[in-house]
Amino acid sequence: MGIKDRLKTGIQKNLNLRYIKRLLGIIALKPVLYAYGKTFPSASDKYLNIFTIESLKKAYSDNNRPIGYGSLFIPHELFHALGITPFLPEVMAGFTAGLGLAPQTLKEASSHWYSQDLCTFHRSASGAAELDLFPRPDYIITSNLACDAAQKSFYIHSVKHNIEKNFYLIDVPYRYSEESIRYLAAQIKNICTDICSKTGKKPDISMFEETFELSNELRKWAIEVGSLRKNLADYPSHFNGLNFILPFHGLAGTREAVILYKEIYRDLKKYSDKQCKEISEKNKPAKRILWLHLKPYYRNEIFDILYRENCRVVFEEINHVYWQELDYKKPFESLARKMLSNFLGGSIDNRIGVILKAAHDYKADGAILFSHWGCRQSNGGARIIKDSLKKINIPTLVLDGDCVDQNNSSQGQVKTRLQGFIEILNS
Amino acid sequence: MYTCGIDVGSVSTESVILDNKNNKIVSYVIALTGSNSKNAAEAAFESSLKKAGLKESEIKSIVATGYGRINIPFANKNITEISCHARGVVSSFPDLKTVIDIGGQDSKVIKLEGGNPIDFLMNDKCAAGTGRFLEVMAKALEISLEEFTPIFNKTSDKVDITSTCTVFAESEIVSLIGHGVDKNKIIKGLIYSIADRVTTMVERVGLEEPVCMTGGVAKNLGVVRALEEKLGVKLNIPDEPRITGALGAAYLARDLH
């Protein structure tokens, strides 16, 4: 049994906070961590795993640094600038799926009256919280941007830990306008001032300088990765652009995220230089797939099938860099602009615009929208997205499934739909 | 030269042998799948060979389709039922635009352009809108599936079956019988219930004529009529709608060369 399987089995058998802390204490030791990192096929995968474990270690360690729960669509630069360790319950729900813990966390959520209709990212995270598997938060910041479930389920976390006074809900306006920016910036400033008054940190814009510089650096490298991928004919089989949610969001504003995105760029560039010419001469070109929304985080065959059938995911909607550079001299306005620029907010036209441009820029032959059970913000637009792509002759497969709960879809049915779609692309 | 297509479905397995010289079906077999799809495929293949008076060595290639397609080691290739059904119907109806297939545990709608599939939709994990739904209801009503069509034809009124779930629908009809509701009206309601489900799927993909219906449920003329009424179109039915997938697979096996 390899180290990854041993980790999985260990945590499945000892599902409690003490064991998680002990495990992180061992695996996050530098020699162990770097030995573990060597088990990954590329430098970017190695750093992704190392930085993920290090960030979890920070969140689970008993130091005096405050912990902040943040939903996916808030700017996590805020936490980093305030010296708060971010913890992302939705990303953790993805880990529960990857570690095979979701059946237990979902069962726990059900027994606490969480509806079966609630998105399993939130249900599994809530179940894990009920099982006391998460570190205790000091602050919780969420928003009404795109995801409705976050506002509600994150508030329940604050009640559980009796920190309702440290729960902040950012109200993001529907439309992008200067008035909206002022409204949003004022809220972010208030949150910042309130947290500073509680932590004793002096509210000063200088605290944003380094974080924003690193965030801008991440942005620059993410754009570089995207530009490289526009003309990349092939990919290493282990590459999956849907794995980088934590660094793209939760680690935005850290040195680790910058290192990681530089490594992704280097890995793909190296592969492109070495392999692409040879591959394109020998084989017929791969079908280029645009991936919309997320993927299942439990073990599944989707990407193996795509790779085997000579289809490559050339871009993922979630990796779109939608925001402008942040200016530390105008921190609240910058973060407000970042949130308001998110294409998942406001009208569906914002999202469609991004998808159509990506389909064009990345020369997509087809698109797959993974329709995650309970995710209204994504599934609600499925029909209009499919129709919009059809107008530019790009077929779309709306693949119904669940990112976290493997029992909520049949692998055989997913496989048939996927293969049927590939046959259409090849016909 | 001959090719063979084998469609391993959840309820039945079909094997079709095609003479590639004249595109004529030499033989076909429809058998129950049972618990072992691999054995069912082997048995159906052997029976179809025997029926055709051919030896295995005379079959140039085999394409497997259906849910059990990946478990047929003697097949040269496996292709999904989406492509196979599309290929199977265009051999009979070349200008076809929409295919409705209702099988044992699966219903699908395929949109075609120039004989090729361009879009499709399959039922979700629920058995509603499939042949299994009718089977379960027939059992609950203690009648055979063959009786559905004559009852549909002679009954003018229907009772709405509101439950989508097969299990709940079964409870609902048991309750209706308990309340003394006419069995024939319940049967007519069940047929419309399946037609409603499938109509929604067709509308999602986009209805375009000509339309064809395949699969075991296409033998149930009550369902065919209810669907025609709901969709407002005439449905073309192949001579043997149950072998469409296997026939398409046999054509696609021919195309391998």
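Visitor: How do β1(A) and strand β3 of chain A pair?
Guide: In this predicted model, β1(A) and β3(A), residues 139-143, pair in the parallel sense over three bridges, and A:Gly70 stands opposite A:Ile141 in β3(A). Two strands count as paired if DSSP finds at least two bridges between them, while strands (E, at least two residues) and helices (H or I, at least four) are DSSP runs numbered from the N terminus.

Visitor: And how do β1(A) and strand β2 of chain A pair?
Guide: β1(A) and β2(A), residues 85-87, also pair in the parallel sense, over three bridges, and there the bridge partner of A:Gly68 is A:Pro86.

Visitor: How are the numbers and letters assigned, and what should I keep in mind about the model?
Guide: Residues are numbered from 1 along each chain as its sequence is written, and chains are lettered from A and ligands numbered from 1 in the order in which they are written. As this is a predicted model, local features need pLDDT of at least 70 and side-chain atom pairs count only at pLDDT 80 or more, whereas totals for chains, interfaces and linings use all residues.

Visitor: Switching to helices, at what angle do α3 and α4 of chain A pack?
Guide: Helix α3(A), residues 30-37, and helix α4(A), residues 43-60, pack at an angle of about 145 degrees with their axes 9 Å apart; axes are lines fitted to C-alpha atoms, for helices over the stretch in contact, and angles run from 0 to 180 degrees between N-to-C directions.

Visitor: Which residues meet there?
Guide: A:Leu33, A:Tyr36 and A:Gly37 in α3(A) meet A:Lys46, A:Asn49, A:Ile50 and A:Ile53 in α4(A), where contact means that the C-beta atoms of two residues, placed from the backbone, lie within 7 Å.

Visitor: Now chain B: why is helix α8 of chain B largely enclosed?
Guide: Eleven of the eleven residues of α8(B), residues 244-254, are buried, so this helix is largely enclosed by the rest of the structure. The buried residues of α8(B) pack against β1, β2, β3, β4, α2 and β9 of chain B.

Visitor: What is the strand order in the open sheet of chain B?
Guide: Five strands form that open sheet in the order β8-β7-β6-β9-β10 of chain B, with mixed pairing, and β8 and β10 are the edge strands, each pairing on one side only. Six bridges join β7(B), residues 107-113, to β8(B), and these two strands run antiparallel. Within this pair, B:Glu113 stands opposite B:Asn116 in β8(B).

Visitor: Which helix packs on the sheet?
Guide: Helix α6(B), residues 183-205, packs on the sheet, touching β6, β7 and β8 of chain B, and its direction makes about 30 degrees with that of β7(B).

Visitor: Last topic, how many residues does each chain give to the contact?
Guide: The contact takes 13 residues from chain B and 13 residues from chain A. β8(B) gives the most to the side of chain B that touches chain A, with six residues.

Methods. Buried ≥ 20, exposed ≤ 12 C-beta atoms within 10 Å, placed from the backbone.
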